[in-house]
Amino acid sequence: MNASSDLLKELRIDRSAPPPRANRGRGPWIIAAVAALGVAGVLAWSLRGQPVPVRVAAAEAVVEGGSATAASVLDASGYVTARRIATVSSKITGKVEQVLIEEGQAVREGEVMARLEATDASAQRDLAAARLAAARNEATRAEAQRLLAEQTLARTRDLAARQLVAAAALDQAQAERDALAAQQQAAQSNIRVAEESLALAEIGLDNTIVRAPFDGVVTVKAAQPGEMISPISAGGGFTRTGIGTVVDMDSLEIQVDVNESFIGRVKAGQEVQAVLNAYPDWRIPAEVIAIVPTADRSKATVKVRIALLEKDARVVPDMGVRVSFLEQARAADAPVVAGVTVPSEAVVQRDGRTVAFIVRDGRASQRELEVADARDGRRRVSRGLAVGEQVVLSPSAELQDGAAVVVQ
């Protein structure tokens, strides 16, 4: 019985005893973790409701003076063309012996571009020269015979005057002199014919040389040595019709097709501003040369020729170009309509209104605008913006008035 009581006493928990030493170090860490969670909760509660700023790209509104440039009354597109362009060929059919040009090479009027094989032409020239020499020799012989006949006629006349010869001898001497004079005249005519034949042979030989018709730049090299060339098409694909193409770069102009509904806005001599597609930041001054007096019924357009007032090596034929026909310059006392311009992508439509978002104090502010024409990627704003204000470029549909933004 005593043994059982002792065993039960051992199973009781002694609450007055201190806790074990192994668990004494865990308390501070648990308290620190609880404190950190509490601080994080407080911070999360304090930041709840503050949106994350949206990153945006922005640009400044710049001033646009209405008196500095004339406004465009019509925009059109077209191409640069050359009024003086030639595909150079030979006058005769022959085999190409030399080609002395390359694409991009500048040539002067009369400069040799190519040579054809000249064997036949050279032989014809030599034959004509030989015939001329023979004709001259024949004329020399005829002149010598005529001089002898003149002397014989003189002696015969003297003898006949003294009645030492018969009258028939005098007549014969006269006839021989006349016949030899005629032979001499024929020989002189043969000389002239031979000279013309030689000149013709020289022309034939010169036709084997292809020369530049005017000052310009070679844009196409169309033949190679060994190929046959002909001024007319010989059929098939083995005969070339030209050596190359030469363009007079000083004759470049712009041709555009204007819709016939707006051709009334264009006048000869009107100021034009041209922008090449290859150089969108380069504005070239130009003016209208003429309105071609015919319309294209299939496209309902009228062709307009425009002169470039600045010459530059960057302008080449067949380049695409956009032109703006400008209104007449304002008088000095005319009112100046000032405004600002912004990139076109800054102006958007929201709920049927034309607006832009202004960046101010880290927030986007929606502003309703009155806009005018657009040109060269910029939009002119007549009301709603001030110079120097920052506008958001390409604002997303989710961007709202008053949203927090950060300019990139």
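This is a predicted model: local features need pLDDT of at least 70, side-chain atom pairs count only at pLDDT 80 or more; totals for chains, interfaces and linings use all residues.
Residues are numbered from 1 along each chain as its sequence is written. Local features need pLDDT of at least 70 and side-chain atom pairs count only at pLDDT 80 or more, while totals for chains, interfaces and linings use all residues; side-chain values use heavy atoms, without hydrogens and water.

Helices (H or I, at least four residues) and strands (E, at least two) are DSSP runs, numbered from the N terminus. With a relative accessible area of 41%, Pro53 is partly exposed; buried means under 20%, exposed over 50%, and partly exposed in between (1.4 Å probe, protein chains only). Apart from neighbours within four places in sequence, Pro53 is in contact (heavy atoms within 4.5 Å) with Ala404, Val405 and Val406. Pro53 and Ala404 are 351 residues apart in sequence, yet their C-alpha atoms lie 4.6 Å apart.

Buried residues of H3 include Ala128, Leu132, Ala135, Ala139 and Ala142. An α-helix has 3.6 residues a turn, so residues three or four places apart point the same way. The buried residues of H3 pack against helix H4 (167-206). Just after H3, Gln163 has a positive phi of about 60°.

Beyond its neighbours within four places in sequence, Thr245 contacts Ile85, Ala86, Thr87, Val217, Val218, Thr219 and Val220.
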